[in-house]
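Reader: Hi! Could you walk me through this structure in plain words?
Author: Happy to, let's look at it together.

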Amino acid sequence: MRRVAVIGVGDTEFGELWDSSFRDIGIKAGLSAVADANISADNIDALFVGNMSAGRFIEQEHIAALIGDYAGLARDNIPSTRIEAAGASGGLALRQGFIAVASGLHDIVVVGGAEKMTDVSDEESAVIQSSAADQEWETVLGATFPALHALIAKRHMHEYGTTREQLADVAVKNHRHGSLNPKAQFQREITRETVMSSPMVSSPLRMFDCAPSSDGAAAVVLCPLEQAKKYTEVPVEIVGSGQASDYLALHHRKDICTMEATKAAAKRAFAMASLAQKDVDLAEVHDNFTISEILAVEDLGFFKKGEGGKATEAGLTGLEGEIAVNTSGGLKARGDPIGATGLAQVVEIVTQLRGKAGKRQVKDAQVGLTHNVGGTGATAVVHIFRRA
Amino acid sequence: MATAPRFWRENPSRYNLVGIRCNSCGRYFFPRRAICPICHRKSVGKIEEVKLKGTGKIFSFTEVHDTLEELVLQKPYVVAMVEFDEGPKVTGQVIDCEASELQIGTPVRVTMRKLSEEGPSGIIHYGYKFVPVKEKAP
Amino acid sequence: MKVGIVSYGAYVPRYRITPDEIGKVWGVDGKSMSKGLMINCKSVPSPDEDTITISVEAARNMMRRCSVDPRDIGAIYVGSESHPYAVKPSGTIVAEAIGASPNLTVADYEFACKAGTAAIQTCMGLVGSGMVKYGVAIGADTSQGAPGDALEYSASAGGAAFLIGSEKMIATLDRTYSYTTDTPDFWRREGQMYPRHGGRFTGEPAYFKHVLSGARGLLERVGAEPKDYTYAIFHQPNGKFPTRVAKQLGFSDAQIKTGLLAPTIGNTYSGAVPLGLSAILDEARPGDRIFAVAYGSGAGSDAFDIKVTDEIDKYPRSKAPTVKELDSNLKFLDYATYAKFRGKILLGGE
C-alpha cells in the first residue's frame, strides 16, 4: 500500500448561498483545491464526489458526471464517482480516494463533497435529512432526525448524569471557534442562555443544539506521499483511515449512548496510523447535535464513556484544551452542507497542520483527526492526518 | 411521498407487531429480518415469525415540538424508544399522556392509531403507538 | 338456534369539550345549551384517531375478554357515518388488526346513527342460519358538526364491538324488530364535510316517531311491558331525547340511567347504543333483561330484546376497560385546540 498525502484543499463559504447553484459551489471548491495543489486538469486521474441527496434537494441524480463536466473534465473522460452514506458521504468519499491512491490505481485524485440544501423548503429539507434514519421503522413512526438524537441525549443524561448545561457548552464552544473562522456560517459567539432559551425542537434538544441547514462544498486533492513535494511545501499525510457500519435504526444498537461504528472506525484508523489518542492535537468531530459531540469525544477514546459532558464543561475540548475539538466551529457553527461536511473537516485539519488557521490556530499542531457520521451512527468514518 | 404498496406490505408488523425469533439463540427481533445478526449462518432455516405481546417499558423518550409536515396537528407529541418484554426495542409515539407523566421505565402497551395520511385524498397509514399502562386501583 | 353476545369491547377517546367552551366562540349561552341538551361534555377524537382506530380498539378489547380464535370469525361489519374512506372498507383493517383475515366476509354499513345495530342484526342472521360461527358487529363514529351548528355541541366520538355467536353467550339476543320509513331529517351528501339537518323536524316526525314505533312494535311482538326489563337504552343524540322517550314509553329513570352516556360523552352516533349496551353489560347480572332501541336518521329504528345469561359470571370483564374506566384520564380542550384536532382550521398549502 502506498502512503497518501493531501496536497490541496479548497472550500466555499457555508450558509444560505442564494446566488449559487449546486454546480457553482461544487466547482468553486474543486477549483480552489486544484489551484491550492498547483495541478491542472491533465494531472487528474479520478474524481470522487460525496453527496447525500441531490436527487431530492435539487432533483438531480448522476451528479458525479455533472461535477466532472462543469469542472471541465468531460473531454478528458476522467472517471467520476458519487459516494453516498448520508452525513458520512464526504468522509467516505475521502476514504475511496485514499484507497484508490494507496492501491496504486490512481496517482492524483480529487475528492469533493457538496450539498445544496436551500433550494427546498425547511419542511422538505427536514424530510430529506430524516431519510438518513430508518424510514420504515423510525421516521414513519414519528421519530424525526432531531428526535432520535434527543432519545440519545435523554438516555445519556439518565445514565451518566450529563447535564443540560453541558450540552449547551458544546454549542457555546463551537460558536466561539466559528467566530474565529471567516468561512463559518455563524461567526457570532453565544452563551449557555442563548442555547437554553432557544425554541424547543425535541426535548431536551433546542434549536441551538442542532446544526443548521447549509449550502456548501469542500474538496481535497490526494496524491502518493512520495510525489507530494512536487506540488506543495507542506504535504499532510493521511496516516490512518477507518470505516465502520452498525444497525441502521438507533433502537437496534447495542447501546444508544455509544456509537459502536465510531469506536470501530477509530480503532481501525489508530491501528493503521500506529498512533494513540494522546498523540492527537485536534479533531473535527460530527457534532450535528450537541449530544453527538459528547458521544464522539467519548467513542473516539479522548474521554471515558460518560465523561464527555464534564470534559466539555471543563474546557478540555476548547482551543487551549487537552484536545481542540471542532476548531472550525464544527457542523454547529461552520455549517453542515451534508455531503460537504466530511471534506470540510479535512480542509480544517489540513489548514491547522499547515499552521495557516489564523486566530483559531492550534499551537504546534502535528496530528489531527476527522470523524464523520452517517444517520444516527450507522456509518462512521475516521481519518488521522499528520504533517509530513 | 410513500405509496400504498410500500406501507401495505409492512401491515403485519405495523398492525400486529409481527417480528421473528431466532431459534438458534432464542432472541427476538422486530421487525422481521431474514438472518439473525448474532448467529449469522447458524440461524438459516431457524427464523420463526412471532407476534410480540406489545407490552414493554420506556427506554428513552422525547417530546417532539418541531416535526414533519404530516404530523403537525399532533405536536407536541412524545416519541419513545420502547423495550418490549421479549427483548427487542422499537421506536414509536406514546399517546394519551403528557410528557411530564412519563419517565424512563414507565410501562406501556401497544395500541393502533393513524401514523400519517398522504394528504386529504391519499391513503391513510395505520400502525402501532403506545399508551402508558396505569396500575389499576385495587 | 339461540344467538347472542359472546363478548364485547368499547372505546372512547380521552379528549372532552364542554358546550360552554363551544358556546363562548359562537355567542351562544353554552350553559343553558348544556342544560337543555343534557350534555355536560362530549368526547373528541385526537388527530390520530378515526372510526377505524376506534373500531380496532373496541374489537381488540372485545377479543381480550374471550378465548375465541379470531380465525373462527366469519363476518365483520363496521357501522358508521364517518368511515375514513368513502371507498375502501374500514372493516378490512379491523379484520387484519384482530387476526381474522382472510377467510371471512367484510362490509361497511351506513345508516346514520343505527349502522352499528344494523350490523348486529346481520350477524344475528348469519350466525342463526349457520352461515358463520362468529360475526363481529361494530358501531363507531367520529361525528362532525359544522362550526357553529347545533350539532357541534353534541357530535362526539366512540364505539363498541360485539362478538355474535351461539356458544358461551353472555347475553342472548332474543328478538329484534325494525321500523323504517323514508324521512329526510338529517343527511350528508357525498363529498361534503358536514351533515345538514331539518332542525326541529329531527324531533317528533323523526326520532320520536321511529323510536316509539320501534319500541312499541317490539314490546307487542314479545308480549312484554317496560317493567319486565332491568335496563333500557335508547339512541341518544343528547340526554334529553332518550329521557323523554323513555318516559313516554313508561320506562323509569333507574332503568335508563346506566346506558345513558350522552351527558358525559355526547352523541357518538353509530357508537351510541352499542356503547350504552356495553355500559350495561359492564354491570349486568345473570337474568337481567335489556331493552334497546337504536335510531338512524333517514329514518329507522332497530329494537332489541336481550337477556343476560349465567355465563356473564364467568366472563372476564376486567380484561378490557369498562365504559366507566374509558371515561377517565380525561383531558378538556379549548375550542381552538378542538378546531385543530377536528380539521376545522384550514392549513396553508392545502
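Reader: Where is C:P102 found in chain C?
Author: C:P102 sits in the loop between α4 (91-97) and β5 (105-109) of chain C. Helices (H or I, at least four residues) and strands (E, at least two) are DSSP runs, numbered from the N terminus.

Reader: Before we go on, what kind of model is this?
Author: This is a predicted model: local features need pLDDT of at least 70, side-chain atom pairs count only at pLDDT 80 or more, and totals for chains, interfaces and linings use all residues. Residues are numbered from 1 along each chain as its sequence is written, chains are lettered from A and ligands numbered from 1 in the order in which they are written, and side-chain values use heavy atoms, with hydrogens and water left out.

Reader: Thanks! Back to the proline: is the peptide bond from C:S101 to C:P102 cis or trans?
Author: That bond from C:S101 to C:P102 is cis, with omega near 0°. In general, most peptide bonds are trans.

Reader: And what about the bond from A:S203 to A:P204?
Author: The A:S203 to A:P204 bond is cis, with omega near 5°. You'll find A:P204 in the loop between β5 (200-202) and β6 (205-206) of chain A.

Reader: New topic: which phi does A:D364 have?
Author: A:D364 has a positive phi of about 55°, although it is not a glycine. Most residues other than glycine have a negative phi. A:D364 belongs to the loop between α14 (338-353) and β11 (367-374) of chain A.

Reader: Is A:D364 buried or exposed?
Author: A:D364 is exposed, because its relative accessible area is 60%. Buried means under 20% relative accessible area, exposed over 50%, and partly exposed in between (1.4 Å probe, protein chains only).

Reader: Which side chains does the side chain of A:R334 make a polar contact with?
Author: The side chain of A:R334 contacts the side chain of A:E284 at 3.1 Å and the side chain of A:S328 at 2.8 Å. A polar contact is a pair of N or O atoms within 3.5 Å; within protein, one must be able to donate a hydrogen and the other to accept it, and residues adjacent in sequence count only if both atoms are side-chain atoms.
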